[in-house]
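Let's take a walk through this model, stopping wherever the side chains or the backbone do something worth a look. Have the viewer ready.

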Amino acid sequence: MDEQTSDKPAKPEDELSVSNVSVQTADSEDQWERLARKLSRKLKREAEKKSVWNFQNKIILFTVVLFIIGVITWTLLWLFIVQAESKDALYFVGLFRVANIEFLPEYRQKESREFRSVAQNVQQVMNLVYTKSAFSKFYKQSIVSDVSNNNNGGLLVHFWIVFVVSQAKSQIFCEDCVAAILKNSIQTSTTNRTSVGSLQGLAVDMDSIVLSVGLRSDYSSTTGTGTNCIHDLHGDRLHQHFPLDILVTSGRMICYFKLIALVGHLIRLSVASIQIEADNCITDSLTIYDSLMPIKSKILYRICEPTNSVLSFVSTNNLMLVTLKSTKVEEVKKFHGYFEVIPQEKCGKAILSLGSPEFEGSIMSPYYPSYYPPKCICAWNFQSPQKNLGIALKFHNYTISEKSIKGCEHGWWKINDHMYCGYYMDHQTIFRVASFVVNVEFQCSSKCSERPLLVEYGSYNLSQPCPLGSFECHTGLCIRKTQRCDGINDCFDESDELFCDVPKQDCNTSFLTPQNSLFCDGINDCENGQDEQGCTESVPCTNSTFKCKNNICFRKQNARCDGIKDCIDGSDEKNCSNTKYSTMHHRIVGGSDAQEGEWPWQVSLLFGGVAYCGASVISKEWLLSAAHCFQGNRLSDPRIWTAHLGMRTQGKAKFISTVRRIIVHEYYNSRNYDYDIALLQLSSPWLDTMRWLIQPICIPPTTHRVHTGEKCWVTGWGQKREADDETSALLQKAEVEIVDQTLCHSAYGFITARMLCAGMMSGERDSCKGDSGGPLSCRSKGGGKWFLMGIVSWGYGCGRPSFPGVYTRVSNFATWIHKYVPSVF
Ligand code: 4AZ
């Protein structure tokens, strides 16, 4: 209290009021001294007090600054690590087999000591491999996601590898490069010829290594930070149905079913029904993998549209992964299926034919009627009871034809040392082997699962393949005469249906001359096949024909030095000079400018903003085009295409829509352009108000046949000249004639029943590159309806004499179109 009073600042007047001025000299000095001391003490105390206050402030300030620095550093770190991982992290997913570690049941539990120990071991090895590699700067980590047993022994290890890399540098990463680092780090012994080598002490099977780029969402889900819809299912009993069911009503769906069978067995997955959005797997998909992780190169099959028919697929090992994804669930999404554990099957056997005239048995692809897995080999050895009997093979919805230098896409066949490629198609074909002992070998060639195959077998009489009253196909197959030209392909080579436009000549009454082109040209022009008989070495070819080494005479005009191999041995194309095509090359296509609204069904399809193909409007939201326009990984992605409707000049479309879905015909054959047809669904339909510029064209019914000489129109923005790369800005039209199928067949040598030819034999008018997918429009008699009779498909150059344009015969696809677009009929 005292202190407080004395501390009170003195008022000068107060001091004076209590002082006596006369007796005050000495006293006042004392007082002043005291006052000064008091003051200095006070000031000192105050200064001390102030310094304590400053110190506290400093500490607070320091703490605040430290806190701010901490926050900034953490934010920067977060930005650097987390953001870098989401934006620029590259994920690779793969597997390999470790041969020297036995599987323990504990490995199934990710939390178990055993799993963690083996995972750490593998991760350390991977760390060593990649931190020493050229990618060490970018390497972040490896994570083992699964360790399983498998049918080849040892452990199958599934893993993720993460690299953090700037967008600019991400180009240097490729699946093969990342896999090569792993493979090159394995030390194999040259003495023992096994693919197992040492990877830092781990016995890794080099041949088992598979690796592909993975998705961040798959990474986070399968390493435990993403979805909780992840099921590990173990099939421990043979043939029991283990159900797999999912129903999602809203949100986003991402589910994983990891299926594991008993060692030494396989998994058969049956999809009973699936309800998803049909848009080429852009939003919804069911993917079946031949592994436990979503490795792209291990995809067995992808389902991109809803189905209610049962489909089943078989794995190549004792494991399978099924993923079900939907980016946005607006309507109910459902999947109902089951899996089974099945034994491995051996494919092929020795077959003793009974020699009966009927087909007497059948051979099948492995695991029939399931889709058969990749990596299959089957061998069947047929023997007929008598030497005069050959073996006939009836392929269901499949055909085989001589193997070219290109590989086979859908299986290859070796029949008595001749190689053939297989193709799926919409009818049966019969192949006859003129030998009583026939060795048939079949090998899968696709990386994915393939549709099941059924082949009936029987024997036939070598000396008299056709009973009386039957028609003989080119390949020696016999069919009843009544089956010719009935719209059903009865012959292996479809020759019964190819030449129906031209009535067959009675060559007994009409005089058969080489000049009238009926002689030895590989085509049966006569009812009795007389024109094609005796075409052997001893029969000389005429002046107008050219002789192949394989005894067939071709017309010179078409066969010689025209860039097409007409003779099996290619002898027609040998000794050709460089100037072989001379003037033919530079003809124009011969069209003229179309008028505004003249072809309201004509569409231009732009790929990545560049005009690439044509198409035709067939309904409010469907277009018809050529399958070959969409062949390839990027070309099959609907998101990259736009459809321009109601357009005459490129860039001035009345209506533009993105593409929601592309349906390529399931039998499209990229080797010969058979089944060259595709449907496109627009993301948004065109409006009725655009009717004066946009209208659909009619699809001809199956019975609607075009006739030789009929006039039709081909339209498009394609090249005006074969040699000129420039396409047309203005829509072009050209009148063309339907060309006789026989003539076209003789020009090209391979024209199927799904093709028709149109143009001018003079080469005056034709379609060309860039017109592909566009319409061949024919008007019914009397100025009636327009029908889409053809789709621009292919041809030998553009406007070359004797080589008309080849079009997809749309009437053959009326049922197929109807399946997807019921509204068009
Ligand atoms: C093409 O490459 C193409 N002359 C289209 C039609 C024809 C030839 C080639 C027919 O797209």
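Where is the place of F242? F242 belongs to strand β7, residues 242-248; helices (H or I, at least four residues) and strands (E, at least two) are DSSP runs, numbered from the N terminus. Before going further, a word on the ground rules: this is a predicted model, in which local features need pLDDT of at least 70 and side-chain atom pairs count only at pLDDT 80 or more, while totals for chains, interfaces and linings use all residues. Residues are numbered from 1 along each chain as its sequence is written, and side-chain values use heavy atoms, with hydrogens and water left out.

Back to F242, which is buried at a relative accessible area of 14%. Buried here means under 20% relative accessible area, exposed means over 50%, and partly exposed is in between (1.4 Å probe, protein chains only). Go 17 residues along the sequence from F242 and you get to L259, with 9.8 Å between the two C-alpha atoms. Strand β8 (residues 251-261) holds R252, which counts as exposed with 56% relative accessibility. R252 and S326 are 74 residues apart in sequence, yet their C-alpha atoms are 5.9 Å apart in space.

Now for the aromatics. How many aromatic pairs does a search of the whole structure find? The search turns up 43 of them. Rings of Phe, Tyr and Trp (its six-membered ring) pair if their centres lie within 6.5 Å; planes under 30 degrees apart count as stacked, over 60 as edge-to-face and the rest as tilted. Take F135 and F163: their ring centres are 5.9 Å apart and their planes make 80 degrees, an edge-to-face pair. F135 sits in the loop between α4 (113-131) and β2 (139-148) and F163 in strand β3 (residues 155-164), so this pair ties together parts that are 28 residues apart in sequence. F135 and F163 are both buried. Y668 is buried at 12% relative accessibility, whereas Y673 is partly exposed at 25%. F135 and F163 also belong to a cluster linked by ring pairs, together with F92, Y130, F138, Y139 and F173.

T429 is in strand β22 (residues 429-433) and is buried, with a relative accessible area of 1%. A polar atom of the T429 side chain lies 2.6 Å from the backbone oxygen of Y398.

On to helix packing. Two packed helices are described by the angle between their axes and the distance between the axes. What do α4 and α5 do, then? The axes of α4 and helix α5 (residues 175-184) come within 10 Å and cross at roughly 110 degrees. Axes are lines fitted to C-alpha atoms, for helices over the stretch in contact, and angles run from 0 to 180 degrees between N-to-C directions. α4 and α5 are therefore roughly perpendicular, the label for 65 to 115 degrees, with under 35 counting as roughly parallel, over 145 as roughly antiparallel and the rest as oblique.

In the loop between β16 (361-364) and β17 (377-383) you'll find P369, joined to Y368 by a cis peptide bond with omega of about 5 degrees. K375 is in the loop between β16 and β17 too, and has a positive phi of about 65 degrees although it is not a glycine. K375 is exposed, at 68%. Y675, in the loop between β34 (655-664) and β35 (678-682), also has a positive phi, near 55 degrees, but Y675 is buried at 1%.

Last stop: helix α9 (residues 741-748). Seven of its eight residues are buried, so α9 is largely enclosed by the rest of the structure. Among the buried ones are C744, H745 and Y748. After α9 comes G749, with a positive phi near 85 degrees.

Note on methods
A polar contact is a pair of N or O atoms within 3.5 Å; within protein, one must be able to donate a hydrogen and the other to accept it, and residues adjacent in sequence count only if both atoms are side-chain atoms.
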